[in-house]
Amino acid sequence: MSSSNITYEFVETPTESLAEEATQVFSGLMVEDPAAIALVGGDMTLLPSLGGIMIRALALTPGTSHLFTARDESGALVGYTLFSLPGQLILSTPEQQKHGLFEFMGRLSPEGQKYYPDVMATEVPKANDAALGIEAAERNTYWCNFAMVRADYQGKGVARKLFELATKEAVKTGMPMALTTTNARNVPIYEKLGFKLCGHTVMPSPWVDWPLWFFKKETTVPETPAAEA
C-alpha cells in the first residue's frame, strides 16, 4: 500500500469515535506484546479496556495531550501518535481516571490488581527517570504514550511523518521528547527518527517478563558560546 494516499492531521479536539478507532488499532497491534500481557494480568480479553482507558484519559481530557493521526483514502485510521504535554501525567487526575480506570481494575485478578498500580505508578516511572536522567521524566518531557501504525502500513514512512508533525509541536514547548518501547523491532526505528537510546531493562511480572527500551530526543539547539574578543 502506498503512503502517498495518506492524510496526516494534528487533531486539536479528539472525539469519542476517534478514541475508539485508536483503541481498535492498539488492540490489533498489542495482542502478543509481553507488556500488554502483564498489564492485563494475563487476561487478553481486557486488552481493549487497557488501551481504551489510557487513550481516552489523554485524548478526551482537554489540555493534557496532542494527538496526530494518519488516515488512508477511505478515511480509515492507519496510525497515530499520542503525546502528553509537559506537566501532565496519564491517569493522574480524577478527570482522566473517569474513563474506566476503576472498572478495568475491578476486572483484573487479585494478583493483577496489585501488579498494575505497583508497576505503572512506581516501578516504570522510577526506571524512566533513571534511564533518561530526568526527574519525573513523564511530566518533564513531551512524552509519547502511544505510537501505533497498523501492520499493513508499517515500513512506509507513516511513523516518520507522524513524528515530524509532533516534533514541530514539541519544539514549541522547549522540552525534550521522550518515550519507551516494549518491542525490539522499534529500537532501530526510533534511532532513525533521531531519538537517542538511553537504556534498557526488563520488568518482571507473574505472567511474563517484559523488556523496556528508553529514548530521548532534544528539541532545542544548544546555544553556541560567544567567541572571545
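Predicted model: local features only at pLDDT ≥ 70, side-chain atom pairs only at ≥ 80, totals over all residues.
Residues are numbered from 1 along each chain as its sequence is written, and side-chain values use heavy atoms, with hydrogens and water left out.

Let's start with helix α6, residues 110-132. Helices (H or I, at least four residues) and strands (E, at least two) are DSSP runs, numbered from the N terminus. α6 has 23 residues and spans 32 Å from its first C-alpha to its last, close to the expected 33 Å; that expected span is 1.5 Å times one less than the number of residues. Where does α6 bend? At valine 119, by about 45°, taking the angle between axes fitted to the seven residues ending there and the seven starting there.

Among the buried residues of α6 are Tyr115, Tyr116 and Val119. Buried means under 20% relative accessible area, exposed over 50%, partly exposed in between, using a 1.4 Å probe and protein chains only.

Keep an eye on Tyr116. Together with Phe26, Leu50, Tyr80, Phe104 and Trp210, Tyr116 touches the most other members of the largest nonpolar core, which has 47 residues. Such a core is a set of buried Ala, Val, Leu, Ile, Met, Phe, Trp, Tyr and Cys residues joined through side-chain atoms within 4.5 Å. Which element gives the most to this core? That's α3, with 8 residues. Leaving aside neighbours within four places in sequence, tyrosine 116 has contacts (heavy atoms within 4.5 Å) that include Leu50, Ile53, Phe104 and Ala121.

Now for strand β7. Why is β7 largely enclosed by the rest of the structure? Because 8 of its 8 residues are buried. Trp210, Leu212, Phe214 and Lys216 point one way from β7, while Pro211, Trp213, Phe215 and Lys217 point the other way. In general, side chains in a regular strand alternate between the two faces of the sheet.

β7 has partners, too; two strands pair if DSSP finds at least two bridges between them. Strand β5, residues 177-181, runs antiparallel to β7 and is joined to it by 5 bridges, with leucine 179 opposite phenylalanine 215. Strand β6, residues 196-203, is also antiparallel to β7, through 7 bridges, and valine 202 has proline 211 as its bridge partner. β6 and β7 make a hairpin with 6 residues between them.
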